[in-house]
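Reader: I have a chain open and want to go through its packing. Can we start with the rings?

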Amino acid sequence: EPWMKEVRFDDIIRAYTLSQYHFWFEPVLWSKRSLSLRLVFPQMVLWYGILLLGLVGFRRLWRDPYPLWTLLTSIILISFFIGMTSGNAGTVFRHRDLLTPIWLLLAAGGLSGGIMPSTRHDSVEKTKTPLSGATD
């Protein structure tokens, strides 16, 4: 196709970057307050909170890379295809909810120990006694 010869690699990267911005952050809370934006404002505030807690969950899951890379691969693939193929902000807004359960899993990891680290594991290690009755 002749039109494919006119598309440069940096155009593709620019389009991908812009599509990811629209996928993750549209509709932006700092834009003018239209009626539709006022209706989705609570959901967007919740979405931004889930994103922040999900990043904390990434840090917590870093200790066990298998679930982290599984979730990360899912997030990257889904956001890539939806971001590049959605036609407008309303479509992206609705399709982005496909990733909400994955981000909620990450956010749960952030809530379970990333924000309020548990000392339970440390205290269990200190109180272990040998089962065989042997002493040090």
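Reader: How many aromatic pairs does a search of the whole structure find?

Author: The search finds 8 aromatic pairs. Rings of Phe, Tyr and Trp (its six-membered ring) pair if their centres lie within 6.5 Å; planes under 30 degrees apart count as stacked, over 60 as edge-to-face and the rest as tilted. Note that this is a predicted model, where local features need pLDDT of at least 70, side-chain atom pairs count only at pLDDT 80 or more, and totals for chains, interfaces and linings use all residues. Residues are numbered from 1 along each chain as its sequence is written, and side-chain values use heavy atoms, with hydrogens and water left out.

Reader: What kind of pair do Phe23 and Trp24 form?

Author: Theirs is edge-to-face, with 4.9 Å centre to centre and 90° between the planes.

Reader: Are those two buried or exposed?

Author: Phe23 and Trp24 are both buried. Buried means under 20% relative accessible area, exposed over 50%, and partly exposed in between (1.4 Å probe, protein chains only).

Reader: Why is the pair Phe80 and Phe81 edge-to-face?

Author: Because the planes of Phe80 and Phe81 are at 75°, with the ring centres 5.0 Å apart. Phe80 is partly exposed at 32% relative accessible area, and Phe81 is partly exposed at 49%.

Reader: Which residues form the aromatic cluster?

Author: Phe23, Trp24, Trp47, Phe58 and Trp103 form one cluster.

Reader: What does Trp103 touch?

Author: Leaving out residues up to four places away in sequence, Trp103 touches Trp24, Trp47, Ile50, Leu51, Gly54, Leu55, Phe58 and Ile75. Contact here means heavy atoms within 4.5 Å.

Reader: And the largest nonpolar core, which residues touch the most other members?

Author: Trp24, Met44, Trp47, Ile75, Leu99 and Trp103 do, in a core of 22 residues. Such a core is a set of buried Ala, Val, Leu, Ile, Met, Phe, Trp, Tyr and Cys residues joined through side-chain atoms within 4.5 Å.

Reader: Which elements give two or more residues to this core?

Author: Helix 2 (9-25), helix 3 (35-61), helix 4 (65-85), helix 5 (89-95) and helix 6 (100-114). Helix 3 gives the most, with 8 residues.

Reader: Switching to the overall fold, how many helices and strands?

Author: The chain has 7 helices and 0 strands. Helices (H or I, at least four residues) and strands (E, at least two) are DSSP runs, numbered from the N terminus.

Reader: How much of the chain is buried?

Author: Buried residues make up 28% of the 136 residues. Among contacts with a separation of 6 or more, 70% come from residues 24 or more positions apart.

Reader: Take helix 2, then. What does Ser19 touch?

Author: Ser19 lies in helix 2 and is buried, with a relative accessible area of 8%. Not counting residues up to four places away in sequence, Ser19 touches Gly83 and Met84.

Reader: How far apart are Leu18 and Met84?

Author: They are 66 residues apart in sequence and 9.1 Å apart in space, C-alpha to C-alpha. Leu18 also lies in helix 2, and Leu18 is partly exposed, with a relative accessible area of 49%.

Reader: Last one: is Ile13 buried or partly exposed?

Author: Ile13 counts as partly exposed, at 40% relative accessibility. Ile13 lies in helix 2.
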